[in-house]
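Please read them with the structure open.

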Amino acid sequence: MPSITYKAPAKVILSGEHAVVYGKPALIIGLGKYIVVTVCESGDSDPQLLEGSKPVIEAVHNYLQKKYPEKELKLPTITVQNDIPLGRGLGSSAAFAAALSGALLHYYLGEEPSKDTINSLAYIAEKHFHGTPSGADNTTCCYGGLIFFRKEFEFLKTISALHAKLPEIIESKLLLIDTGKPEESTMEMVKQVRIFYNANPLKTDEILNKMEKTTKRLVVSVIKEDVNGFCDSLKKNQSMLEELGVVSPRVSQIIEKLQEFGVGKITGAGGKANGSGFILFYAYDKDKTIRYLNNNIIPFIEFTQDFNGVQYQKSS
Ligand code: MEV
């Protein structure tokens, strides 16, 4: 079997992180930053990479053992190339789970697996990485584009691909500003919100309901190319995430300081102690904002959308 390569994009949650764990919708988009996983018969895998790959390998092997009990499952060598910043809310683990599931399934079966199969195995691996994830991250890394996602039950998720792209007037103004890797893992942040919910059930329900409205408003803003609606939703989203306690005081201050340049919200699980991962930022004047970020040595990356999700990379 020749080497098999799969590529999967990062993701950005435009609205609804954390609320999506409680059955509220989230609007997520594929990001044009990628992880590329290659599997081949000969060579040695990096032991650390192999250790981190265990939940994905296990998910794929369990699936294949049930379906094809006779099949011999000798582990191929795994190599990875990655340009997704790690552990900062851009879905690096979900992209890895999607790309590796795709590559392994293709390697063992000798044909391209369906995205639905890749997604369900990537979700199993994500549960090992993060405890009780909603499945929104792996779903976006698998399908790409704009995804309206809602987890109704563990066994039923509504995945609606919006047949639209982020309008150019919005996309061209977006930046992703790096506030640093959170000290807490996604699993810890999800747990902290659960603790907050149990201590403040009425207040949290209220925040989650507002979050749902904001996410829906954001969908309409995207479809109608309504920049003001988009910015307003980002702003509201950020203040709700602050209320849920997933933004550190330092990062709230950064967003406040950047107000003269535009509006932003953290994206992903966030972080309370210091870094909160990436801020999704709409810049009124992008060049001016970039000058400010460079002068103040604040790292950022440009935003480009991905439309394809996980993909087999045919060797040329
Ligand atoms: C993490 O990227 C997004 C969260 O909503 C968790 C999840 O959806 O599983 C915080």
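1. Helix α6 (residues 186-199) and α7 cross at roughly 120°, and their axes come within 5 Å. Angles of 65 to 115 degrees would count as roughly perpendicular and those over 145 as roughly antiparallel, so this pair is oblique. Please keep in mind that this is a predicted model.

2. The α6 side of that contact consists of Phe196, Tyr197, Asn198 and Ala199. On α7 they meet Pro201, Lys203, Thr204, Asp205, Ile207 and Leu208. By class, the residues of the contact between α6 and α7 are 6 nonpolar, 2 polar and 2 charged.

3. Helix α7 (residues 201-224) also packs against helix α8 (residues 227-244), with the axes 9 Å apart and an angle of about 160°. With over 145 degrees as the cut-off for roughly antiparallel, α7 and α8 therefore fall into that class. Their crossing is left-handed.

4. Which residues of α7 meet α8? They are Lys203, Thr204, Ile207, Lys210, Met211, Thr214, Arg217, Leu218, Ser221 and Val222. The α8 partners are Gly229, Phe230, Asp232, Ser233, Lys236, Asn237, Met240, Leu241, Glu243 and Leu244. The residues of this contact comprise 8 nonpolar, 6 polar and 6 charged.

5. Elsewhere, helix α2 (residues 92-109) and helix α4 (residues 136-143) cross at roughly 55°, their axes coming within 8 Å. The angle makes α2 oblique to α4. The crossing of α2 and α4 is right-handed.

6. In the contact of α2 with α4, Ala94, Ala95 and Ala98 come from α2, while α4 supplies Asp137, Asn138, Cys141 and Cys142. These residues divide into 5 nonpolar, 1 polar and 1 charged.

7. Turning to the aromatic rings, the structure contains 7 aromatic pairs. Phe230, Tyr282 and Tyr284 are linked into a cluster by ring pairs.

8. What lies over the face of Tyr34? The residue is Lys7, at 4.2 Å from the ring centre.

Key: Residues numbered from 1 in each chain as written. Predicted model: local features only at pLDDT ≥ 70, side-chain atom pairs only at ≥ 80, totals over all residues. Heavy atoms only, no water. Axes fitted to C-alpha atoms, helices over the stretch in contact; angles between N-to-C directions. Helix = DSSP H or I, 4+ residues; strand = E, 2+ residues; numbered from the N terminus. Parallel < 35°, antiparallel > 145°, perpendicular 65-115°, else oblique. Left-handed = near helix turned anticlockwise from the far one by under 90°. Contact = heavy atoms within 4.5 Å. Nonpolar A, V, L, I, M, F, W, Y, C, P; charged D, E, K, R; others polar. Phe/Tyr/Trp six-rings, centres within 6.5 Å; stacked < 30°, edge-to-face > 60°. Lys NZ or Arg CZ within 6 Å of the ring centre and 35° of its normal.
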